[in-house]
Structure formats: C-alpha cells, structure tokens
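Let's take a walk through this model together, with the sequence and the coordinates open side by side.

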Amino acid sequence: MIFSHFFRHNESRGKASAAGQGQPRHVSHREATAAGDAVELRNGAVPHSGRRSHDGTVNSEKQRDIPRDSIQTGAPFPPLEGSLVGVDILHFNDFHRKLNPSQDGRVGGAARLAGLAEKTRQEFPNSVLVSVGDVANGNGDPPYGCGAWDEGVRSFEPVVKIFNEMKVDLLELGNSEFKDPSNNYESLQKGLISKFRGEVLCGNVERGPAYPDEHALDGIKPYSIKQLQGMNVAFIGLVAQDMATRANPLMGFGLAVANLDETLNKLIPEVRAKGADAVIVMAHESFNGCVDIAGRVSGIDAILAGRDHKQSPEASEVKAPDGRTTLVTEAGSHGAFLGHMRLVLDSSTRSVLRVEDRLMPVDASAPIDPEVQAIVDAFNRNR
Ligand SMILES: [Zn+2]
C-alpha cells in the first residue's frame, strides 16, 4: 500500500475545512476517496482515514499488536524551493521503558529507535528529537515495560541514560512519570529531571499545597523556543489534567495541574510575543483530546499527542477557531514508531505554509545504536 501526501498550501490556510476540504495526509489512494466524502466532525476535525474512533473513549494505555501491514512509511518529503525552509521534528511518545524489541523481536527496541533517530538526523541534520511523555516503567506487567516494575528513582533507569545517549532534545512529562505508587516528587526530580541533559517541559503543572516552595518546579519549563533553520519554533509541553487524580493520591505530588486550554491561551500569545514563527504543542493527552483542543484553541500549527498509544495513519487536520489548520498526530507507543514531522515555512514571510508528518516503523530494518545496545545489555544482565 503506497501512501500519498496531500499538501496544504498557503492559499488553503484560513479557508473552510468543511467536509473533505481539510486535506488528509498519509491516506492511501483507496482511503482518500472515503476521506474526501467524510463528514465534518465536531470541532471541524476531518477524519484521516475513516478508521478513527471519535467517541473519545480510546484511552487504553495498552500496547496493541500493531498490524504491521497497515502502517507504512510516508513518501519522502518533496524538495523545498525558493524561500521555503523545512524544520524537521523527530517524535515519539509513551516509550514506557520498552528497552527490548517485542512481538517476537519484530517491533521496537531502544537500540533500534536510537539508531533510526540517528540515521534520520544524519539525513536531516537540523532536526530536533522529542519525547511526548510516559517514559517510566510500563503499565505494571512485563509485556509493556522492561519486564520488571521498578519504583521511585529506579523507574527512570536506564531510560534517562539512553535518552541522553540519543541526544533527545525535549522531554515532555507524561502521567506515568507521576504514577508510581512509591514515587514522590523528589524521585522524579532525582531520577529524571535533574539527570536529563535536554529540556524538560510541562506547562500546566503547578505548585500545590505539598510543594509550595518557589523552587518546586525547578528544571521544568513550560515551553522552549528553538531556532531552527533561521525560524523560531516554540514547543509547549502539557500533561493531561486528570494526571493528579489518576495518580496515587500520595503522588499527585501535592502538585496542581492546570486546564490545558487555559494554559495554551496564556502561553501561545506569550511565545508569539517572543517571536515564535511556529507553535508545536507536545501534549500528553489522548489523540481525540488533542483533536478537540485543536478545534478550540487558536495559534497552534501542530499537536504531538500521546497517552492513548495511537499511531498514524490516524493523523487529523483540524480547523482551528482562527482559521488555520492544525495537524494532530501520534506515534504509537513503546518505541514501535518514530515520527518525522516537517514544518514548511516561507523564510521571507516567516509563516508556516504546511505541516507534513510521516511515521517510520522501528523494526529490524533500523540500524542498531551500539552505545544504547550496551546500556540495554547491561540493564538486562542485572535484572
Ligand atoms: Zn502511556
């Protein structure tokens, strides 16, 4: 099955995306017809492939046996001409300490994920590598995690070491970072935040009664603005608002979690005022939740979703209140996929013309990163 890309050009921005006009991407020729006939969904979302559930109930947090023939790497991005520049974002989410390949060795593996990221980065040297939440442990049983449940500081080992080796640039905090029953905020700080060499993002976590100290959130930033290809690209991090209630009560850490829409409506004008030419939201919120956000909040060019472990080709283009189209995508879970998002901007006007996204399976075709493999081997030996 060959996937074709449909590109949204400048002239299409701001126009209505009623039924079928919001151009889907990563849609097969066969599916494209169905998508073209699609009805408009709530908040203006246009279904990507016609297979996506829109009832908002998908939140399984479970690894699914991914049908391998249903996922394809998107076609290569088209060349950039004239004043166009491409900003490349490599993304994954819900890694859940899945160090070793799963599904009889066919899927994932930290060393393959790192190898594929490095290979892609060699081809696109100015790309950033981002993780959209849930790096700790698994979901309590061996198929989902590293094969053992660890608590406290150990729940982040050896992920933080691997992410540093992979040179992950941005790390958004997911609900699992706040979930372990014996965790406390100190272990999150000691085990992950203080050891990670990139930037840790989470714009809607706030000091609460148990942690009123002004330094409580040291090491966590609401956003980062990176200069890429001469453009200023803002990355805003968010965690699901029910994080604190889903976590162990000891563990909501005495922190508070602010409403996502309100946080975005505060932070987006702030980053735009600081010169952001593009705004990417890294939201550890469900795919459908992110589609809803994209339909309610203006000023977002793309949302990288997480938490419900969905994978493209379910990416959606959503009509935002300000008329722009916001791409929502998610790269599965457990290191099974590496997403490659490309923002195409016009450097003369500093405006985003289109957003493209493709999903690369992490499988035996990916090169092994020897340093990461050594970290995994050492961890396996000590279990
Ligand atoms: Zn997860």
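In what kind of crossing does helix 2 pass helix 3? The crossing is right-handed. Keep in mind as you look that this is a predicted model.

Two packed helices are described by the angle between their axes and the distance between the axes. Helix 2 covers residues 110–123, and its axis comes within 10 Å of that of helix 3, crossing at roughly 20°. Angles under 35 degrees count as roughly parallel, so helix 2 and helix 3 are roughly parallel to each other. On the helix 2 side the contact is made by A110, A114 and A117, and on the helix 3 side by I162, E165 and M166. Five of these residues are nonpolar, none is polar and one is charged.

Helix 2 also meets helix 8: the two axes come within 8 Å and cross at roughly 165°. An angle over 145 degrees counts as roughly antiparallel, and that makes helix 2 roughly antiparallel to helix 8. Here, too, helix 2 passes its partner in a right-handed crossing. The residues that touch are A110, A111 and A114 of helix 2 and V372, Q373 and V376 of helix 8. By class, the contact has five nonpolar residues, one polar residue and no charged residues.

How do helix 3 and helix 8 pack, and how far apart are their axes? Helix 3 (residues 159–166) and helix 8 (residues 370–381) pack at an angle of about 170°, with the axes 10 Å apart. Helix 3 and helix 8 are therefore roughly antiparallel to each other. From helix 3, the residues K161, I162, E165 and M166 meet E371, V372 and I375 of helix 8. This contact has four nonpolar, no polar and three charged residues.

| Helix pair | Angle between axes | Axis distance |
|---|---|---|
| Helix 2 and helix 3 | roughly 20° | within 10 Å |
| Helix 2 and helix 8 | roughly 165° | within 8 Å |
| Helix 3 and helix 8 | about 170° | 10 Å |

**Helix 6 and its surroundings**

Next, have a look at helix 6, residues 260–273. Helix 6 has 14 residues and reaches 20 Å from its first C-alpha to its last, close to the 20 Å expected at 1.5 Å a residue. Which residues of helix 6 are buried? They are L260, T263, L264, L267, I268 and V271. These buried residues pack against strand 10 (223–228), strand 11 (231–239), strand 13 (278–284) and helix 7 (287–296). After helix 6 comes G275, with a positive phi near 100°.

**Backbone features in the loops**

Most residues other than glycine have a negative phi, and most peptide bonds are trans. Against that background, a few places in the loops deserve a look. Q103 is not a glycine, yet its phi is positive, near 50°. Q103 sits in the loop between strand 4 (84–92) and helix 2, and it is partly exposed because 15 other C-beta atoms lie within 10 Å.

D134, also not a glycine, has a positive phi of about 65°. Is D134 buried or exposed? D134 is buried, with 28 other C-beta atoms within 10 Å, and it lies in the loop between strand 5 and helix 3.

That loop between strand 5 and helix 3 also holds P158, and the peptide bond from E157 to P158 is cis, with omega near -10°. E151 counts as partly exposed because it has 13 C-beta neighbours inside 10 Å. The C-alpha atoms of E151 and A136 are 9.3 Å apart in space, while the two residues are 15 apart in sequence.

**Across the chain**

R358 belongs to strand 18 (residues 351–361) and counts as buried, with 24 C-beta neighbours inside 10 Å. R358 and L90 are 268 residues apart along the chain, and their C-alpha atoms are separated by 9.8 Å.

For the chain as a whole, there are eight helices and 18 strands. Of the 383 residues, 52% are buried. Among contacts with a separation of 6 or more, 74% join residues 24 or more positions apart.

Note on methods: Residues numbered from 1 in each chain as written. Predicted model: local features only at pLDDT ≥ 70, side-chain atom pairs only at ≥ 80, totals over all residues. Helix = DSSP H or I, 4+ residues; strand = E, 2+ residues; numbered from the N terminus. Expected span 1.5 Å × (residues − 1). Buried ≥ 20, exposed ≤ 12 C-beta atoms within 10 Å, placed from the backbone. Contact = placed C-beta atoms within 7 Å. Axes fitted to C-alpha atoms, helices over the stretch in contact; angles between N-to-C directions. Parallel < 35°, antiparallel > 145°, perpendicular 65-115°, else oblique. Nonpolar A, V, L, I, M, F, W, Y, C, P; charged D, E, K, R; others polar. Left-handed = near helix turned anticlockwise from the far one by under 90°.
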